[in-house]
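Here are my notes from a pass through this one, with the sheet before the helices. Have the structure open while you read.

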Amino acid sequence: MASNGRPCIEWSKQLYLKVSDYPELAGRHSYCRNPGGVKSQPCNTRGNGVLRIPQYSLSQIKFLEELGEGAFGKVYKGALKKNGETQYVAVKALKENASAKTKADFRREIDLISELTHDNIVCIVGVALREEPLCMLFEFMARGDLHEFLMGRAPPSGKGLPSMRLLNIAHNIASGMQYLASHHYVHRDLAARNCLVSDDFVVKISDFGLSRDIYSSDYYRVQSKSLLPVRWMPPESILYGKFTTESDIWSYGVVLWEIYSYGLQPYYGYSNQEVISMVRGGELLAPPAACPAPLYSLMRDCWRHAPQRRPAFEDIVTRIGDWIQMGGCPETAPSESGSSCGHRPTTSAKDLQERVPLLPPHCSTSNGSLATSSLKKFSTAGSSRAADDNFSTCSEVPPLAPKTKKYSSGSLIDTDKIGTKETVVRIPNKNCGNDI
C-alpha cells in the first residue's frame, strides 16, 4: 500500500519498464522495489496512470492526417519522434477550451486505459500533457477499423476472406474481451467499428467510443441525452440501462454476425424503434449467407434472453480455438435446444419463457450517458461483472406491435419461412457510412 492509501500494482502490469531489463522486479514478492535505484521512493500506485506511461512534448509529435472525431475531440494519425526513431501513432487530442469536467474525464480515461495490456487490446503508448492540446497516444493500426476492413472485402465486389482468417478475427476479439472481463471491465460498446486491424491482420479492441460521430447512424438518442447502440444491445441494457459482462457477450454475438455478413448493419431496413421492439420480442438475426452452422449456433447462444445462460468469454475463446485447431468449423452445429441454424428452431418451454418481453416495473428518467467513454471498471465487491447506470429507457420504448417487413427479400431477421432461399443485395449508402 502506498503512502497515499492506494494499492500498488504489479510491476508486470505496468507499461513503461520491461521486467526483463530489471531482474529485481521479477517474482511475486510483497514488497515494493525501485528499478535501477533511480527513484527516491516507489511511485507505481494504482489510480494514477500518468505515472505508468511515458510522457512526451508536442514538439515530438507531428500531426499527419485527421482520422475522425470522438467524444473528447479529433483523432489524428501522427508521427512520434523518440530516441532518433519515428513511430506512427494514433493521437487522441482533447478539444480546445474543454471544461474542467471534460479534462477530468480525459485524465480518468488515461488512468483506466493505462492498466490495460493485451495483444488484442489497443494499448496507450504515451501522453502529452504539459501543454494544450492534451493528447493520448495509441499504437497505430494500419488497416483501420474492422467494419471498413470487412466492407472492402465483401463479395461480390470483393474476394471475401479465407474461413480461417474470419475465425482468427473472431478469436482475437473474444480473447481481448476475455481479458477485459477477467479484470472486471465492461466495454458497453463492442462492435466492429470499435475494433481495429493491424498491418499483420491482428484485430484489437480499440479505444472505446472513438468512432461514435463517424457511425452516428448506429446510435439512438434516448430522451435527448444518451446515444445508445441499440442494435448491439440485449433487452436488459435497452430497458434498464444495465451493462454487464453478459451484455458484452450479447454484443459479441452481434459482432460475429457483422464478421460473417461482411459488415452489414444489424437489423438493416428497420428503424431503431422497430429494433427495440424486435429485441424485446425475442426476434433474432438470421444467419448470414454462407455462415457455418456452428458459428450461428454460437451467435444464438450469445443472444439467450436470460443473461446467466449466455456462454462466458473463456468458453467462447476455447470453442473458437478448438475450431482453429481443427482447421475450420465442422459441417454441422451441435444439436442443442435453441441452437439450430434454421430460421425458427423448435422452442422449448424454457426458451419460450425467455422470449417473454421484459417489462420494466417503473419508467424513470435516463441519467446515464455514453458521451465520453464506454469502458467501465467495477470493484470485486458485490457484482464485479455488472455496470448498472441506473437508468431506464422504457419511456422511449414503443409497445409491441405487429411486425411489418420493409423488404420482402434480403431480410436477415428470423421469419417463419422455412426453406426459403433469400438474396441479399448490397446498395452503397454514403450518407450512413455503410451499405444497405
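1. Let's start with β4 and β5, which pair in the antiparallel sense over four bridges. Within that pairing, alanine 128 sits opposite cysteine 135 of β5. The link between β4 and β5 is a hairpin of six residues. Keep in mind that this is a predicted model.

2. On its other pairing, β5 runs antiparallel to β3, and five bridges join the two. As for burial, five of the five residues of β5 are buried, so the strand is largely enclosed by the rest of the structure.

3. Moving along, strand β3 (residues 85–93) also runs antiparallel to strand β2 (residues 74–82), with eight bridges between them. Here valine 89 of β3 turns up again, this time opposite glycine 78.

4. Now put the pieces together: five strands make an open sheet, ordered β1-β2-β3-β5-β4, with antiparallel pairing. Which strands are at the edges? They are β1 (61–69) and β4 (124–128), each of which pairs on one side only. From one strand to the next, the twist averages 30 degrees.

5. Helix α1 (residues 100–113) packs on this sheet and touches β3, β4 and β5 (135–139). The direction of α1 makes about 30 degrees with that of β5.

6. Over to the helix pair. Helix α3 (residues 163–182) and helix α8 (residues 313–326) pack with their axes 9 Å apart, at an angle of about 155 degrees. That is over 145, which makes α3 roughly antiparallel to α8. The crossing of α3 past α8 is left-handed.

7. What does that contact consist of? On the α3 side the residues include Met164, Leu167, His171 and Met177, while α8 brings in Phe313, Ile316, Ile320 and Trp323, among others. Sorted by type, the residues of the contact of α3 with α8 come out as 12 nonpolar, five polar and one charged.

8. Last stop is helix α6 (residues 272–280), which is mostly covered, with seven of its nine residues buried. Those buried residues are Asn272, Val275, Ile276, Ser277, Met278, Val279 and Arg280. After α6 comes glycine 282, and its phi is positive, near 80 degrees.

How values were computed
Residues numbered from 1 in each chain as written. Predicted model: local features only at pLDDT ≥ 70, side-chain atom pairs only at ≥ 80, totals over all residues. Heavy atoms only, no water. Axes fitted to C-alpha atoms, helices over the stretch in contact; angles between N-to-C directions. Parallel < 35°, antiparallel > 145°, perpendicular 65-115°, else oblique. Left-handed = near helix turned anticlockwise from the far one by under 90°. Contact = heavy atoms within 4.5 Å. Nonpolar A, V, L, I, M, F, W, Y, C, P; charged D, E, K, R; others polar. Pairing = 2+ DSSP bridges. Buried < 20%, exposed > 50% of the residue type's maximum accessible area, 1.4 Å probe, protein only.
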